[in-house]
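Here's a quick briefing for anyone opening this structure for the first time. Have a look, then read on.

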Amino acid sequence: MTQPLLRSATAADADALGIVMFRAIHEGTGPYSQAQRIAWLAQPNSGPDWSARLAAQHVVLAEKDTITGFMTMTPEGYIDLAYILLVARGQGLFSALLSRITDEARKKSLARLSTHASLMAQPAFARHGFVIDYHETVTRNGETLARAAMSIPM
C-alpha cells in the first residue's frame, strides 16, 4: 500500500478540508449520536470565515488521490483540528500528521502542545503521550458533547 503524501495546505484546499471534516464526523460509528454529530457540524465548512481560520494556522494534510485527513496547529501550539476519513483510519495517518505538527512546534520552540480532543480522538492523542488535563462538556445547537482538554510538553 502506498503512503499518502503529506504537505502543507494551501488556500485552494479550504473547501476540500471542510468536506473531510464533515465526513470524518458523520461517517461510521462512534461515541456520538446522530443528533450530536449534526449539532457538531450540520454541513461542511466553507467560505471566507473557514478560509481565514485555516490561514491563521499551520495546516498539514494527507492525500493520495484526494485529501484523506488533516491536522492544524495555531501559532501558540493548540491543535485546533484533527480529522481523518473513515477509509484512511488505522493506517498510521494520525501519527504521521502529528509528527509533522510536532516538528513545526519544535521549530517554533513551543513549550507544549494542547488540544480539546473528542471522545474519538482521545485514544490517538493518548498513544502519543498527551495527558488529559480535564474532562468537559460543550453544548452546540442544543446538544451536549463530551471532550477532554489534553496536552503534552515539548
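Is Phe-94 buried or exposed? Phe-94 has a relative accessible area of 13%, so it is buried (under 20% relative accessible area; exposed is over 50%, partly exposed in between, with a 1.4 Å probe and protein chains only).

Keep in mind that this is a predicted model, where local features need pLDDT of at least 70, side-chain atom pairs count only at pLDDT 80 or more, and totals for chains, interfaces and linings use all residues. Residues are numbered from 1 along each chain as its sequence is written, and side-chain values use heavy atoms, leaving out hydrogens and water.

**Aromatic pairs**
- Searching the whole structure turns up 5 aromatic pairs, meaning Phe, Tyr or Trp rings (the six-membered one for Trp) with centres within 6.5 Å; planes under 30 degrees apart are stacked, over 60 edge-to-face, the rest tilted.
- Phe-70 and Tyr-83 have ring centres 6.0 Å apart and planes at 35°, so this pair is tilted.
- Both Phe-70 and Tyr-83 are buried.
- Phe-94 and Phe-125 make an edge-to-face pair, with 4.9 Å centre to centre and 90° between the planes.
- Phe-125 is buried too, at 2% relative accessibility.
- Tyr-32, Trp-40, Phe-70 and Tyr-83 are joined into a cluster by ring pairs.

**Lining classes**
- The lining of the largest pocket has 27 nonpolar (Ala, Val, Leu, Ile, Met, Phe, Trp, Tyr, Cys, Pro), 11 polar (the others, Gly among them) and 8 charged residues (Asp, Glu, Lys, Arg).
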